[in-house]
Structure formats: C-alpha cells, structure tokens
Amino acid sequence: MTSLLELQDLGVTYRTGEGDLEAVRGVDLTLQPGETLGIAGESGSGKSTVVASVLRLLPKSATVTGRVLLDGEDVGAMRWGRLRAARWSEASVVFQGAMHALNPVQRIGRQIAEPLRLHTGASETEIDARVRELLEQVDLPAAKARAYPHELSGGQKQRVMIAMALACDPRLVIADEPTTALDVIVQAQVLDLLGRLVAERGIGLVFITHDLSVLAATCSRIAVMYQGRIVETGDAKDVITAPRHEHTQALAAAFPEVGDPASRYAPATSEPLPQEGERDPQQPVLLSARELRVHFRDRTGTTVAAVDGVDLDVRRDEIVALVGQSGSGKTTLARTLLGLQRPTSGEVHYDGRPVPTSSSGLRDYRRHVQLVLQDPSSALNPRHTVYESVAEGPRIHRLGGDEHDLVVAALEAAELRPAAQYLTRLPHELSGGQRQRVVIAGALALNPSVLVADEPVASLDASVRGEILGLLLRLRRQLGLAGLVITHDLGLAWNIADRVAVMYRGELVEVGPVDQVLLEPNHEYTKALLAALPSPGPDDARYTG
Amino acid sequence: MTTSPTDQHAADPDERRSGTSTVRYVAGKVGGALVSLVFVVALGFFLFRMIPGDPLATMTRERPTGPEQLAHLRERLGLDQPVWQQFLDYVGGLLQGDFGTSYLYRRPVGDMIAERVWPTLLLVGTATALAVLLGLWLGVRAAWRRGGLFDRTQTGIALALWSMPQFWLGLLLLIATQGVFPSRGMTSVDQPDGFVMQALDVGWHLTLPCLTLLLVIYAQYMLVMRSSLLEEMGADYLRTARAKGLRDDLVRRRHAVPNALLPTMTLIFLQFGMVVSGTVTVEAVFSWPGLGLLTYESLRGPDLPVLQGVFVILAGSVIVMNLIADLLYRVVDPRVRAS
C-alpha cells in the first residue's frame, strides 16, 4: 500500500538578504491513511515550512530538495494544473491563526463553498446543502454561513477552518497549530472534533503544534523538530513518557502536568531553583479588592458585568494566579487593580489605603504596582534601545540616583547579564525571552512591590517559558515581590503560584491554595477547566522521574 | 465577551443592535458634515475679505465716479455695514438659497454657479472615472509583480506626471497635438445640429482638458492601490486561497483586490472634491466654461459674492463626498458595521 504522505530527505532553503537559511534539513516522514502524526517544535524549528512544502505553497525564495510524495505522486514534479487540482481536494490545511487565515470581507459560507465550486461540478443547491452539512459537522449552526469572520469567536473561526478543510473530502488534512490561542475548554472541543473526524472518515491527519501535551491526546506517532531537523520520532506514548533528545525533554517539561509534585514550584529552567523554604503565611496584605464591580454598557444599552463583586487579596511574598477562560473578566479585573479602569463600585486598597483616583496619585501608585504584558514584541517601542526602555519609568517618576546604575541593576535583576552588553540593543536584535526580560526589567527599575503579569509567557517558546517563570519565582524569593499572574494556563499556576483564583463570568468562583484548588476542586467550573486539559489517556504513568 | 455556551442564541440582539447603531452612525456622520459646512461658510466669508483690492475701484475703473455715487454704490452693496452685519445678512441669504449678486455682472450668483457647475462636473467626472480605472488597473498590476519592470517603469511615469503643473502639461499637450483638438471652449462657434453631433462636438472639446487632468491625477489612485495591495499580499487568507487551488489571478481578483480596495475607495471620494477645486488651472488654460474659470475671472475683481459662492460649493462638495465615502465604507466593509 502506498503511503498517504511521504517526505523523502526533504530540505528547504530560503534565500535571504543575509545569505541562505536552511529551514528544513533531511526530513523523512510517512503517514498512512487513518493515522495521526504529530509534529512538535518551537517557532523557527521548520514545522510550518514542512506544511507549506506539501502543497508547494513556499515563497519564491525557497529552494526545495528531496521529494514530497502525496499518495505516491511527486508533488515537486506536478504541473501547475495538476497541482491546483490536488490542492484542497487531496490534501487540505487548517491554517494557524484562524482570525487571519479567513478573508475578512467575505461571508464564511462563501469561503467554505469556494473549493467546492472549484473542484466539484456540484450545483448551487448541492453546494448550499454541503456547506450546511459541513457547518453542522463542526457543531456550528447552519445560519452562521451568513456571518463574517469578525462576528465569530476564536473557537468558532477555528471550526470554520476545519469545516473548510473538509469541504472536498480530502484524504489528508494538515492542522498547523489549530488550538494555539484558544483557551483550554475550547481547545478540548476542537481536539475532540478533530479526533472524531479522523476516526469516522479514515483521513490521515498531520498535527503540528509546540504543545506536546496536546499531541499526547491526539496522535499515534510524534516527530519532534528542532532547528530544521527531526531529532526524535516514535510512538506518541514513548516520546512523551521517555523523551530521549534533550529538546524533547525541554518541550515535555515546559507543559507540566497539574498534580505532578516534581514540577510544583519548579518550572523547567536551566538554573534549578533551591527548595521552597518555610514561608510565613501571615505576610501583610499589599493589594486587595473589596466587592469590586466593573460594569460596561454595550451599544444596545444592556449592562454587562465584566467584574461582578470580586474580593481578592495579594500578600507580600506571594504569587496569586488568576485563571479563567477568555472573556471571563480577568483582564478587566487586572486593569481595575492597576487603576487603568475605574470601578463601578467597590474599592481597591494598596497597603491598607484606598487607591487614589487623581492622576498624580495614580502615578505614585503605579510606581508600586507594575504591569508586565503578554507580548513583549508589541510592549516595547521598536525604536527604543534597551537602555531607553528601562530608563523611561524612572524618568517619568523622577527617581533620584544615577540613571545608568538604576538601569544596570534592573537588567541584572531580570537576569540579563552582563547588563552592559544589552544596553544599546534594539528589541528586534533580541530573542523573545530576552525581550520579556527587558519588559520585566522596566518594571523592576521602579522598585515596585507588586508585579501584575498578564499572560507573561503565552507568546513565548516552550523552552523560554520555564526560564521566565523561574525568574518570577526567584524575584519573589529574593525581593519579596508579590505577583498577580493572569493566565489561562493551569500548568503555569501549578509551576509558580501559591494561591489560585478561578474567575468565571466576572466572579471568583474559587480561591485557595494551589494544591487544594487544583487537586480537589470544589466548583463545577474549576472541575471543567481541569477536565479539559489534554491527557494521554487512561494509563497515566507519566513523569515518573 | 462571548463564551461558547452563549453563542447559539446571540442572533436576535445582534440584529437589533446593528439597526439602531446604523441610525446612530449615519446621524453622527451627517451631523459632523453639517458642522464642517458651517465652518466653511464662515471661513469663506472672512477669507475673501482679506484679499487685497477694492471691489468698488474695479467696478468703477472705466468711468469717473463722484464720491456721492461711490457712497451710494457702497450702500447698495451693503459694504457700508459693519463686517459682522454683512456676515449675518450673507448667512441669512444662504439659508434661503440666495448666494448674493455678482458685483461685476449684476446677476444672482446662484444662477451663475448653476450655469457653470455642469461643465465642471462633466470634465471632472470623466477625468476621475478614467483616472480611477487606469490607476487601479496599473496599481494592481504593479503590486502583483512588485519590483518588476512594469512596476518600476509605471511607478516612475506616474510620479513624473503627478509632479507636473497642470497648466504646463496642458500647454505641452496643446503644442504636441498641433491643433488637432480645439484649444478653447466647450462647443464650436457654429454648433452642429442634432443631439449626437452636439455631444460629439463637446467630447471633441473635452479631449485635451480631460487628458491633462487625467494624466496629473491618476498617479495617486495607482500608488494608493499599489501600496494597499502590497500590504494585503502577505496576508494569511491569500495563502489559504492558494492552498484551495485557486489560480493566481482568481486569488488576486476574489481575495486580494476586494480587501485592498477598501482604503482606496475612501481616497477616490475624498479626492473627487479636491479634483473639482483643482480644475481652476486646467479650465483657465482651455477656457472651459466651468466653476474653475469662473473663479479665475472673479479673482480679478475681486467679485466677492461669486468667490464666496464658488468656495462654499467646492468645499461643500468635498464634505459631501467625504460623507458618502464614510457611509459607503460601512456598506462595503463588514468590520466597520460591527464597531
């Protein structure tokens, strides 16, 4: 039997201004019908280039060596007409980032119907019926065919992408990061859907992601890519339980299993943290919210309660994780705590006093409570050097002392050493992890007592994630810094937090120590969040090291 | 703020919302346009009062006039009133559709503008329509093969033409065509009989002024289309379209161009008003009997009522076109409807 997809010694080189870049080297892979193959790797590992080479979607600057066989036929040798006919009808792609992969000004029904019109001779009524059927298959009401992409939520758009990929009944579907940027509950729904479709239709699925735990739940075989090569391949369970290559080990450790004692207070970092010492639970409360409510009025005049009666304390020397789905009100709560959003009612206290509302009072307050944002690439001004970025805070707050010394100390505290080497760099010359450290240094330069971090590692690579979390944990220990970390990632809470607050529809439904809330959840919503985490199946003998 | 369990029953409020917000949107835009119009009227009135030159001196240049007659004339034209009183009278007249009376021709300004507005619309409308078609087509081609020979030569030519003064280009064309096309006016002295023949005669006269205007203005449509298409070229949904197996030209026509047209459309409407006001030189060169030529003639006076009237009409057309662009944008781009 011929394989559905076979990559033979595939190599892709991009011609760039600074010489050639070998994105993919010597990749051999096969996929049989009805099989699910996972490809894991970080950004820059070459996994998306592999996807593009299957349908010959690479830019002109790319040179391909080796062969790609689709159902036994060499894709590289296809003529244009044959290639266009093969695209989507034999192999289709669920592209990464559904918000951009759909045409913003076309109704989704038309976009799903487009390949049908192109590849089948179906009549308009047949096409309409098929579009309805496809939408139902991905659990969307047929009426959504008239919606525009921006009218759908992230999960719905992802389903539309899947419906579109299935339109022409292809035998091979390639899913490129189909669940990244979705929160756990929606991710579980999408994974479940993909698994069901593979089982029902016997299609071959190539599943690409940076999150090994997702692959564990869906794939039979896994290949791990690193710097353009496949460094490890094998049975999914073997790769995850006993990773041989150190990069696989790093990837596996980056997504800890909630409940695994080995990863409690121990994010995957190159400098192991010392044992967690005895801690005084009666530290003074630094930041607290009492009966906090934030209501918005939407265009119809309906009041939406983004934050609906929240009580929360953050003590000195304590990291609190605020978890919840997107839309649960986490970010609004954080903005209100920072004084960026005025509460409708209720109070925020800092160090026992209400947070001022005047602009000068707020400026003083923000010196003590600093914010770290999700995406360091957009949080940093691309034209400011590291020095400028870090020095900006002290200048605004007119901190005394030598500015240069302050900046160097902040960079050292954020573990950018030696600091002198980074001062004149611009953000684009730094890696993602280094940029996030610069953002953190900018916050530390003001010598704050509370850090509020909104998804601090969500846009970083797996191997960097542990380093940044390790830094936050060390900062807490060394400086006694309090932290409020907003995240949808329960593994992060397990890694570094002392207490966790679960937010659902504007309310905190459960607050307590991490071990208690995540291991013995009380509220139904917390249970649902935990149940939605991808798990490798019933035999759960993992992470025994 | 939507969470997945509430998605299903969101349809009804959505539709009601889009209804009320449309009314609010349109009302807001129209209100904004009216405010701009008020500013334009005030600006037009006071701006032209600052032009050097005494209208009375121009009017009486040919014949000797005694001081008594001058005072009488001043009183008749209302120039003896304080400026704010003149302004109030002017606004009051405008509200009743009265633009005042020309100093030089002693005719209602409204009638003069009504006569002159059609030739200008014909000239500007034809030139804009052609320039948009030409510019968009060239822009799409240039962007699709960015950096290619077509892109480089066409961008260069367009920029060169754009930077030329209109009167100079018009004179060049007159010289180059060596009298093949008429050099002045909109109709021949001995007009032919029959509608078709008359239309052809006007078209014949229209050729050179229209070509001049077209050559100068098409570059901006081309360059904006080119850059907005270039911005779309890296978009992920184009990769999706290619992966679906669409031919290259279909990817471009169905997906890239409709998205790239959105910013271009605003420019087309905004620019239409600007082109109208920019016809003064072309109309002057070719003696095309439009608003531009009227302005040119009135500046010598200065014939204040005519200048003010034309100014209000031209500025008003910019405002109205901008309003149309805003409203149309909402129809064409579903995302604007939502926000």
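In this predicted model, helix 6 of chain A meets helix 7 of chain A through a defined set of residues. Helix 6 contributes A:Gly154, A:Gly155, A:Gln158, A:Ile162 and A:Leu166. Helix 7 answers with A:Val186, A:Gln189, A:Val190, A:Leu193, A:Leu194 and A:Leu197. Seven of the contact residues are nonpolar, four are polar and none is charged.

Helix 6 spans residues 154-166 of chain A, and helix 7 spans residues 184-201. Angles under 35 degrees count as roughly parallel, so helix 6 and helix 7 of chain A are roughly parallel to each other. Their crossing is right-handed.

Chain A also has paired strands. Strand 4 of chain A pairs with strand 1 and with strand 5.

| Strand pair in chain A | Residues | Sense | Bridges |
|---|---|---|---|
| Strand 1 and strand 4 | 5-16 and 62-70 | antiparallel | eight bridges |
| Strand 4 and strand 5 | 62-70 and 73-74 | antiparallel | two bridges |

Individual partners can be named. A:Leu7 has A:Val68 in strand 4 as its bridge partner. A:Leu69 stands opposite A:Asp74 in strand 5. Strands 4 and 5 of chain A form a hairpin, with two residues between them. A:Asp71 sits in that turn and has a positive phi of about 55 degrees.

Chain B carries a record annotation. An unreviewed UniProt entry lists residues 117-329 of chain B as "domain: ABC transmembrane type-1". Over that range, chain B is 82% helix and 0% strand. The end C-alpha atoms of residues 117-329 are 27 Å apart.

Key: Residues are numbered from 1 along each chain as its sequence is written. Chains are lettered from A and ligands numbered from 1 in the order in which they are written. This is a predicted model: local features need pLDDT of at least 70, side-chain atom pairs count only at pLDDT 80 or more; totals for chains, interfaces and linings use all residues. UniProt positions are given in the numbering used here, feature names are shortened, and annotations may be inferred rather than shown by experiment. Helices (H or I, at least four residues) and strands (E, at least two) are DSSP runs, numbered from the N terminus. Two strands pair if DSSP finds at least two bridges between them. Axes are lines fitted to C-alpha atoms, for helices over the stretch in contact, and angles run from 0 to 180 degrees between N-to-C directions. Angles under 35 degrees count as roughly parallel, over 145 as roughly antiparallel, 65 to 115 as roughly perpendicular and the rest as oblique. A crossing is left-handed if the near helix is turned anticlockwise from the far one by less than a right angle, and right-handed if clockwise. Two residues are in contact if their C-beta atoms, placed from the backbone, lie within 7 Å. Ala, Val, Leu, Ile, Met, Phe, Trp, Tyr, Cys and Pro count as nonpolar, Asp, Glu, Lys and Arg as charged, and the others, Gly among them, as polar.
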